[in-house]
Every structure is written in structure tokens, then in C-alpha cells.
Amino acid sequence: MLRDLNSTKSRGMIVCAGTGTGKTLSFYLPALAHIAGLLKKNEYWSKGLAIYPRNELLKDQFSETYQEARRLDAVLKAEGKRKILIGAFFGLTPRSATLDRVQDKWEAESGGFTCPYLRCPRCEGALSWRRADLEAGKEQLSCLKLSCGAVIQEDEVILTRDRMTKTPPDLVFTSTEMLNRSMGDSRYGHIFGIATAKKPQIVLLDEVHTYTGIHGAQVAYLLRRWQKIIATKVQFTGLSATLESAAEFFSQLIGLNPGSIEEVSPGENQVAEGTEYQLVLRGDPVSGTSLLSTTILTSMLLRRILDPSEDPPSQGFYGSRVFAFTDDLDVTNRLFHNLLDAEGCDSWGRPLRGRQPFAALRSHSASEGERTLSCWAILAFM
């Protein structure tokens, strides 16, 4: 068993509830409110860290949190405070606002580059860092849809690592791997509370149940090293939909005594009842078929027998969303990207030009609208 680290008197909370019940909001809503109370116009320091085990989850939660942060803009303005500033520090974050650095990380499109981790808050479409803004050194995103016209301002999101070194975001989205790399980097360490006067006060650890085995032990030691370096009180919050002995597991992960961990889960009378269909796929090595391929084909079929999200024929009786659970993180990552490829979509769920989904092989009249629907279904599906 890993040794406890109690010198900082940190505390932890593990939230256990089913998928789609609002676990993430249970962290971000009070976290954003706490950050809002610490804001000062000309003072920038990282007040919270949101740590994710995989980038796809980070991307999705970044967009959701951005929209929640914007709900506080009017209140903060009335109190004479600036907006909450968030930033993502992971593999797809460009080092600087220069053409070569951005095109090395982001996908090029007509007139600019597509942001890989933030969607338009108005239409859910893709956002572009226009070449004109990039050449002017302005970290600003614009919606690709001319009819939308949404613009993400510099005082809302930080897009580059260099700017983060000068003005650390109030809330930093990162991964365990990036935290590990940055702890020994004098350029970026202060973004994570290292060698700086003011430290992060709140930390989110999502999908806690993925931190098992050797990888889990490595993350546990990483969190102990980080706590030892910053040497201050931190409130840890873990989220998990499927975890037994949650408080004990979380205490070992973050290095605190079990008595310092509070478990939060819904009571029997607080669980909303609904209609769910569950399908379990089990591999058969004798048959010689690929379980991953079978899962992809099954997922494509399931989505097509459910209601579309708009104007459902069954009035919601059949449902409109599919959730997929696997027992291996590598399989989960491959399943997501391979399913996108099978549907002829890019990483944002947009139909690729010149590509048809596999389902079109069985149809002679697949429309572009049907392709777009199936692509967006994948993002909801994962």
C-alpha cells in the first residue's frame, strides 16, 4: 500500500453516480463560483487544475466548462471583475501564436486552423483561428459558420503555452502525462503551482476508475510528488461512474488518509428511473472475429434504430443516445477514432469530403443530412 501524505492537510471528495447524472457539473459549478471569488483584474494565477486520463474527454469537458464560465460574465462585470480565463495545456496546445507552431498542432482549413478542443457555444460547430488574427498575434477564435458569427475573445480562453507562462489561466485543463512533464520544466512549472507564490486550490480527477494497475501507481506517485512540491492545502475531487470502495481507492490514489475522504453518491430515492436497453458483447476467440470490429458495427446499427435528436418519431420512447463502455483504455481510444472513420467523419464529427459511411454501401440514397446526423451521433455516443 502506498504511504499517506498528510503534511498539507488536503482533503478529498469522490463523487460516484451513473453516466449522464451530472457528476462533472457537481465539480465545475462550485469550482467556478470559488474561482470567481478569487478574481482580481490584473492578477493571474492557476487556481484550479482539471486532470484527465485521455485527451478526448478533456476536449469535451473543456467546451462544456467554457459555456458554464460564460454564465458568470455578467455577474463578474457588475462587480468590477474580469472574466474567468481557462486554458488547455496538453499535446495539442501550440507553443506560440505563430503560423508554423499552430499548423503543427491544428488542422488547417480555408482561411485558418480548426481548434481541436473547443466548439462554438452558439451552434456547436467548429471554431477557427483565422490567419489574419494569427498573424496579428491575437488569440481569438471565430465560428466557421458565417450565419453564426460567434467569436471567442482573448480574455476568455488562452490558446498557447507561451501566453500561459505570462498570464496563467484561472482553470487549467491538462493530462497526467503533461503534468508529469511540466513539473521539471522551469518554463511551465508555475502554471501548475510549482515555484510560485500562489498555488492551485482545487483539483479535479475525472474517470478515477481508470487509474488502476501500473498506470494507477504511477499517477499516485505523481500526485504525491506534486503535493510535496507545492506544499499547500488542496481540495481534490474525483469522479467515477463505476467504482467499488470508492473512498478507499481515492485515498490511495491521492495519498491521503481515508478519514480525509468524503464519498458522495445518490441515495435510493434520488436515482431517476428511465428506460434503458443494455447489450453486452463478449469475444469468442474460436470464431476468429474481431471484437473491436463487431463493436463498431453494432454501435452503427444501434444508432440507426433509435430516434434522431430532432423530431423523434417515437416521441422519445426509443431514446436517441448510445453509451459504450469497454474494459480497456486503449480499446476505448481506438473504438472512438475507428468508429469516426467507419462513419466517414473527422475528429469533430463532420462528414469528410469524398468519404461515405460504411452504411452507405447498403443504400443507394444516403443523403448528406443522414451522414451529418450519424457523425454527430458518434460524439454523443462516446
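This is a predicted model: local features need pLDDT of at least 70, side-chain atom pairs count only at pLDDT 80 or more; totals for chains, interfaces and linings use all residues.
I started with the cysteines and found zero disulfides in the structure (a disulfide being a pair of cysteine sulfur atoms within 2.5 Å). For Cys120, I looked up the nearest cysteine sulfur: that of Cys148, 3.5 Å away, and Cys120 is in no disulfide.

Residues are numbered from 1 along each chain as its sequence is written, and side-chain values use heavy atoms, with hydrogens and water left out.

Next I checked burial (buried is under 20% relative accessible area, exposed over 50%, partly exposed in between, with a 1.4 Å probe and protein chains only). Cys120 is buried at 0% relative accessibility, and Cys16 is buried too, at 11%. Of the chain's 382 residues, 45% count as buried.

Then I turned to secondary structure, and counted twelve helices and 13 strands in the chain. These are DSSP runs numbered from the N terminus (helices H or I, at least four residues; strands E, at least two).

I followed the open sheet across its eight strands and wrote down the order β9-β3-β10-β2-β11-β12-β1-β13, with parallel pairing (two strands pair if DSSP finds at least two bridges between them). Which strands stand at the edges? They are β9 (157–158) and β13 (261–264); each has a single partner strand, so one side of each lacks a neighbour in the sheet.

Inside the sheet I picked β2 (residues 48–52) and β10 (residues 171–175), which run parallel and are joined by five bridges. Gly48 has Leu171 as its bridge partner in β10.

Helix α2 (residues 55–70) packs on this sheet and touches β2, β3 (86–89), β9 and β10 (contact means heavy atoms within 4.5 Å). I noted about 165 degrees between the directions of α2 and β10; axes are lines fitted to C-alpha atoms, for helices over the stretch in contact, and angles run from 0 to 180 degrees between N-to-C directions.

Is α2 largely enclosed or left open? Twelve of its 16 residues are buried, so the rest of the structure largely encloses α2. Among those buried are Leu57, Leu58, Phe62 and Tyr66, and also Glu56, Lys59 and Arg70.

Last, I looked at contacts between residues at least 6 apart in sequence: 70% of them in the chain join residues at least 24 apart.
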